[in-house]
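Here are some notes to read alongside the structure. Take them one at a time, and keep the model open as you go.

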Amino acid sequence: MTTIVAVRKNGYAAIAADTLTTFGNTRLHATQDASHDKILQIGDSYVGVCGSAAHHLVLSSLLAKTPDVQLNSKAAIFETFRKLHPILKEECFLNPKEDEEDPYESSQITALIANSHGIFAIYSMREVFEYTQYWAIGSGHEFSLGAMHQAYARLDDAADIARAGVDAGIAFDKNSAAPITLYSVRLK
């Protein structure tokens, strides 16, 4: 899996991720993976994607050719992914089934978004959340949340807090490893 975090503090948003790819028990380290960055740049937004390795390539392709992608608010992110869902199914052959009792078809995608408007997450049922301080996704998220909880009051720089979050994921999650990729953007 992965460790991806986003932090908002003192007029900046930062997003960071580990760079390890895993296939069952096999680990593909960044030194062996030419495409180890889990964070996509889509317009002025940074999108950290976890889950299947295919999601990164699929989202990169679809979002790059989709006109007027809006990722600047909860409503805009929802609409973008709502419009992408049928394309994911028809053109990319997404399997939308998770649990029989789910109220909606799954997009199977979990992602964090950081841009000049804030930090957001989108989940598989197209639930969108906007965060005021920090959040984490992926298999190392619990470790990251604890580390960022401690770092948020002590550190002033969003990037330093994000780095602390991913460092904790790397230290304790067997599916996360260094190096870290990190991007920052000034908030409006």
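1. Let's start with a term: accessible area is worked out by the Shrake-Rupley method with a 1.4 Å probe. On that basis the protein exposes about 9500 Å², and carbon and sulfur atoms supply 52% of it. Please remember that this is a predicted model.

2. Now the overall form. The C-alpha atoms fill a box of roughly 45 × 40 × 35 Å along the principal axes. A compact globule of 188 residues would have a radius of gyration near 16 Å, and the protein has 16 Å, so the two agree.

3. You can count four helices and 11 strands in the protein. Among contacts with a separation of 6 or more, 57% link residues 24 or more positions apart.

4. Next, the inside: 47% of the 188 residues are buried. Nonpolar side chains tend to be buried together in soluble globular proteins.

5. Which residues touch the most other members of the largest nonpolar core? They are Val47, Leu59, Leu71, Ile77 and Phe81, in a core of 19 residues. Elements that each supply at least two residues of this core include β6 (45-50), α1 (53-65) and β7 (110-115). Helix α2 gives the most, with four residues.

6. Have a closer look at Phe81. Beyond its neighbours within four places in sequence, Phe81 is in contact with Leu59, Leu71, Ile109, Ile122 and Arg126.

Definitions and conventions
Residues numbered from 1 in each chain as written. Predicted model: local features only at pLDDT ≥ 70, side-chain atom pairs only at ≥ 80, totals over all residues. Heavy atoms only, no water. Core = buried A, V, L, I, M, F, W, Y, C linked by side-chain atoms within 4.5 Å. Buried < 20%, exposed > 50% of the residue type's maximum accessible area, 1.4 Å probe, protein only. Contact = heavy atoms within 4.5 Å. Rg over C-alpha atoms; globule rule 2.2 N^0.38 Å.
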